Amino acid sequence: MRISVIGCGYLGAVHAACMAELGHEVVGIDVDESKIENLSAGRAPFFEPGLGDLLSPDNARLRFTTDIAAAEHARVHFIAVGTPQVAGGVAADLTYVNAAVEALLPHIGPGHLVVGKSTVPVGTAARLAELVAPTGASLAWNPEFLREGFAVSDTLSPDRLVYGVDNRDDRAAEVLDEIYKRPLEAGTPRIVTDYATAELVKVSANAFLATKISFINAMAEIAEVTGADVTTLADAIGYDARIGRRFLNAGVGFGGGCLPKDIRAFQARAEELGVGHSLAFLADVDDVNLRRRQRVVDLVTENLGGDLTGKAVTVLGLAFKPESDDVRDSPALDVAQRLADAGAIVRATDPEAIETARRIRPHLDYVESIQEAISGADAVVVVTEWHQFRELDPAEVAGWARGRVVVDGRNCLDASDWRSAGWTYAGLGRP
Ligand SMILES: NC(=O)C1=CN([C@@H]2O[C@H](COP(=O)(O)OP(=O)(O)OC[C@H]3O[C@@H](n4cnc5c(N)ncnc54)[C@H](O)[C@@H]3O)[C@@H](O)[C@H]2O)C=CC1
Ligand SMILES: O=C(O)[C@H]1O[C@H](OP(=O)(O)OP(=O)(O)OC[C@H]2O[C@@H](n3ccc(=O)[nH]c3=O)[C@H](O)[C@@H]2O)[C@H](O)[C@@H](O)[C@@H]1O
């Protein structure tokens, strides 16, 4: 199948590379010249395990360009551009999706299929289908559920495939089946439904995941005033198959380019539809999440005598999660900034995210080496659970730092090991 992928960011670059890996002839298109230059040279423009292995300038099935006219040679066109929050608001900004589809219109015709992958407010697909219809092409919505850090394997072996199609269009599902032949043959469940359901599956899945995390973080708040241990609580409730242990890791909370903005855009869309009350709880989900960031700062402050002014604090982690260089709405970077705002002398490190962090917070002090970051610190704060931080030897780290305070914002360290090595250990929702 000849495919174009419009938008080559965290989602689109991976999707393009994986579609070529599935045997299709793919052109990735983006307006960002430097991204296209990197991808064309076989270099991943961001850190994503396994992506580099799929990119090669010699791969005849995969090329990248800034020229939207290159889409003419394809028959299926995936829309994978960003849908961030509108400036100064919470709704999804559809400028990029609209611009991508408008730009595509002169290059498509009968027999072409436009496939939306971006996360959009319910109702967007039906509106875009009307825009596409005069060209003779049709439109489907095929939301994406990949996780950063596992994006390649999630794309090649997804948990499920969802196609939102126009019920008068028999062909769209067949075309998508051909594209996803390999995962379908491997047994991936596939749901064919209408546009609205497909759009809602995506945002409700992210809303559910965010709710699960904020639920356990709310339990952490209760644990903090009762002396209970939220990690034990999570293990215990997680054994109930109806609840499940995954996504019950209490800590500094969720961030990234999706969960936070998606729950806000979903609430904004529900308001527009006159059913804002149905999603009112998501405001609490957001609030619990943001409170946990300040809780980390408060724990550092309490353990350093109540005042951060002039205290040297090492922040371990900048990315919103391990195995990613993504710092969009990163709790880790937010904590670093809050500590600096409170007067601490902050030094931060991350195995992959220093460059991306520097772009949005250039004034913070970043160092590459963990030892250098910790050297002379009064307190160490872990806010992204990279294995490099989880595996630190507390006795060795004690030789680098000045103080003996460690705040575990991800509950990822062995508290007893750190305490045995002389540290004052503070986790979230743990005694
Ligand atoms: N990052 C992720 O893990 C996932 C993202 N999504 C959704 O996918 C969409 C894209 O997200 P990301 O890839 O993270 O964003 P991103 O910001 O990394 O990438 C978006 C890309 O679109 C490009 N672009 C913007 N306007 C364009 C146009 N008119 N023509 C061509 N390219 C254009 C930008 O230059 C950028 O490279 C969002 O709706 C997001 O919610 C869905 C599932 C997973
Ligand atoms: O729409 C999207 O873009 C994607 O958003 C999330 O994927 P992602 O943002 O890559 O990362 P997650 O693994 O979901 O983690 C999100 C945040 O929640 C935090 N988290 C996760 C799990 C947990 O138990 N506790 C917790 O605080 C992580 O540290 C991270 O900051 C979803 O998991 C994907 O299915 C979805 O496709």
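Leaving aside neighbours within four places in sequence, with which residues is L161 in contact? L161 is in contact with Y180, T188 and R190, where contact requires C-beta atoms, placed from the backbone, within 7 Å of each other.

## Model and conventions

This is a predicted model, in which local features need pLDDT of at least 70 and side-chain atom pairs count only at pLDDT 80 or more, whereas totals for chains, interfaces and linings use all residues. Residues are numbered from 1 along each chain as its sequence is written, and chains are lettered from A and ligands numbered from 1 in the order in which they are written.

The mean pLDDT of the protein is 97, and 100% of its residues reach 70 or more; pLDDT is the predictor's confidence in each residue, from 0 to 100. For the complex, the predictor gives an ipTM of 0.99 and a pTM of 0.97.

## Domain organisation

The protein is divided into domain 1 (2-192) and domain 2 (194-431), with bounds that come from an automatic or database domain assignment. Their C-alpha centres lie 31 Å apart. To the contact between them, domain 1 gives 25 residues and domain 2 gives 28 residues. On the side of domain 1 that touches domain 2, α5 (124-132) and β7 (161-165) each supply at least two residues; helices (H or I, at least four residues) and strands (E, at least two) are DSSP runs, numbered from the N terminus. By class, that side of domain 1 has 18 nonpolar, six polar and one charged residues. Here Ala, Val, Leu, Ile, Met, Phe, Trp, Tyr, Cys and Pro count as nonpolar, Asp, Glu, Lys and Arg as charged, and the others, Gly among them, as polar.

Strand β7 contains L161. With 20 other C-beta atoms within 10 Å, L161 is buried; the term buried applies at 20 or more such atoms, exposed at 12 or fewer, and partly exposed in between, with C-beta atoms placed from the backbone. L161 and A319 are 158 residues apart along the chain, and their C-alpha atoms are separated by 28 Å.

## Ligand surroundings

Ligand 1 is surrounded by 27 residues, of which the closest are G7, G9, L11, S118 and T119; a residue is near a molecule or strand if its C-beta atom, placed from the backbone, lies within 6 Å of it. Helix α4 (residues 95-104) gives the most to this shell, with four residues. The shell around ligand 1 has 14 nonpolar, eight polar and five charged residues.

Around ligand 2 there are 21 residues, and the closest are E148, N249, F254, G256 and C258. Domain 1 and domain 2 each contribute at least three residues to the shell around ligand 2. Helix α9 (residues 195-226) gives the most to that shell, with three residues. Its classes are ten nonpolar, seven polar and four charged residues.

Helix α11 (residues 259-272) has 14 residues and reaches 20 Å from its first C-alpha to its last, close to the 20 Å expected at 1.5 Å a residue; the expected span is 1.5 Å times one less than the number of residues. Its buried residues are L259, P260, K261, D262, I263, A265, F266, Q267 and R269, and they pack against α9 and α12 (281-303). Just after α11, G274 takes a positive phi of about 80°.

Helix α13 is largely enclosed by the rest of the structure, because eight of its eleven residues are buried. These are P331, A332, L333, D334, V335, A336, Q337 and L339. Their cover includes α12, β9, β10 (345-349), α14 (354-360) and β12 (379-382). G343, which follows α13, has a positive phi, near 105°.

## Individual residues

D298 lies in helix α12 and counts as partly exposed because it has 15 C-beta neighbours inside 10 Å. D298 and R338 are 40 residues apart in sequence and 10 Å apart in space, C-alpha to C-alpha.

Most residues other than glycine have a negative phi. E323, however, has a positive phi near 65°. E323 is found in the loop between β9 (312-316) and α13 (331-341), and its 19 C-beta neighbours inside 10 Å make it partly exposed. N411 also has a positive phi, near 45°. N411 occupies the loop between β13 (405-408) and α18 (415-420) and, with 21 C-beta neighbours inside 10 Å, counts as buried.

Methods:
Contact = placed C-beta atoms within 7 Å.
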